[in-house]
Amino acid sequence: MKETTTSLQKGIGMPQAIALYIGAVLGSGVLIVPGLAAEMAGPASLLAWGFMTLLILPMALSMGLLSAKYPNAGGVSHFVTRAYGERAGTLVGWFFLMSVPIGAPVAALTGAGYLAAAFGWGEGAKIAVAAAMLAVGLITNWIGMQLAGKIQIAVVIAIAAVLIFSFGAALPRMESAHFTPFMPHGWLSVGQAASMLFWCFIGWEAVSHMSEEFKDPQKAAIKGVTAAAIIVGILYFMSALATVGTQSYLKGGSESSMVWIISRPLGPWGGIVAGVTGLCICMAGIIAYTGAAARVAYAMAREGHAPKWWSGLSSRFHTPVGALLFLLLCFAAVMLLYGTGTMSLATLIQFPNATFILTYMGGCAAGIKLLKGSKAGVVISWISFAATAVVFPFTGWAMLYPLLITLLFLAIQPRVNRKKVTSLDV
């Protein structure tokens, strides 16, 4: 008779935690946003990058401190439940959970797009590569976070190596004349650039859902997130400095300025390296967010707030196989919508924006209440909450998506509660 598996395996050490944090935050925006920000604010965009690089540490630590104190697969949902009650925590859990089934396919299609462009492939090949990326994300998380973490380490090292190489290659072409006029569009443009850059620095909340599997939550969550924040900040700022210093946003086009920098010193191979780099960056995010969504689905099912079959664990790997099956079905549905032309990538990409922001705001709000024993923790949480709240209105019509989730939650939750009460009576 097989032994029933009831708990997740603690397989995430410090190196894996750092790689997962970096993978969750360092998105494909590093190839696109530096050029867009430079086009918007000129060389003064570096001020926006500097400000966000400083803000990144409190944003990261607010999630790290909570993960260290309350390690749980529910992550932000669990923190909000402890701070503001079960109903609020469950709603935040649904916000995050319903972001990833759209966000992961969007990341896969973006990464596949880079590779397809590098090799001159068509739309069919792009969809096939994206599907393969999603399959890799699901399989690595099914086998376990120890494997996922090791793969993430390799991917992050490859990404960092390419970005550092591109910065080194850009140095000889950087000229002081490229930094003047420093602020061609005024201070307002710097603020607008900073609000756009915010999207590049969010993602710390994702790894909180894996904190239950940290070998040493205190060490991995706090020291790991600090190391990851420093590395991410340096890589982003180096990329922005190279973009401005070479004026690649004027030569290669604002949306492909980093690709131009990477391609320039490598000749014909440059486009392929840039394409593979884009794919690796998106793959890192898919692994991190698929793992996070599977854990929050598992935790919610464990608490009776989601279908019971989501709480099923693999007897071999101690991983949430029921939740991963749910994500597989969601990924297939979204890819079908895209593949048939029902929804474009431009439309899909906007849906998760507001729900990701609200998830992070919920975590920061929980930190304000739960970290009262630490003055620094409360201050850090307030800073992160305020910064996130300022950005939220810029999500525009995407706010309708969390509103729809909230309405469905309010309609369904009373029925779920009645079932829980009935089962307890029995």
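Predicted model: local features only at pLDDT ≥ 70, side-chain atom pairs only at ≥ 80, totals over all residues.
Me: What's the volume of the largest pocket?
Reply: About 1200 Å³, taken as the space filled by probe spheres set on grid points joined across faces, edges and corners. A pocket is an open set of points on a 1 Å grid where a 1.4 Å probe fits, with protein on both sides within 12 Å along at least five of seven lines; lining residues have an atom within 4 Å of a point.

Me: Which residues are closest to its centre?
Reply: Ser-28, Gly-29, Trp-199, Ile-349 and Asn-353, out of 35 lining residues.

Me: Which helices supply at least two residues each?
Reply: H1 (14-25), H2 (29-41), H6 (100-119), H9 (186-197), H14 (268-302) and H17 (351-370). Helices are DSSP runs (H or I, at least four residues), numbered from the N terminus.

Me: And the second largest pocket, how much space lies in there?
Reply: About 370 Å³. Trp-94, Met-98, Leu-408, Phe-409 and Ile-412 are the closest to its centre among 13 lining residues.

Me: Which helix gives the most to that lining?
Reply: H19 (residues 400-425), with eight residues. The lining of this second pocket comes to 11 nonpolar, two polar and no charged.

Me: Switching to aromatics. How many aromatic pairs are found?
Reply: The whole structure has 15, counting Phe, Tyr and Trp rings (for Trp the six-membered one) with centres within 6.5 Å; planes under 30 degrees apart are stacked, over 60 edge-to-face, the rest tilted.

Me: Why is Phe-96 with Phe-356 edge-to-face?
Reply: Because their planes stand at 70 degrees, with the ring centres 6.1 Å apart. Phe-96 is in H5 (residues 86-97) and Phe-356 in H17, so the pair ties together parts 260 residues apart in sequence.

Me: Which peptide bond is cis?
Reply: Thr-180 to Pro-181, with omega near -10 degrees. Pro-181 is in the loop between H8 (145-170) and H9.

Me: What about phi of Gln-247?
Reply: Near 55 degrees, a positive value in a residue other than glycine. Gln-247 is in the loop between H11 (217-246) and H12 (248-251).

Notes. Residues numbered from 1 in each chain as written. Heavy atoms only, no water. Nonpolar A, V, L, I, M, F, W, Y, C, P; charged D, E, K, R; others polar.
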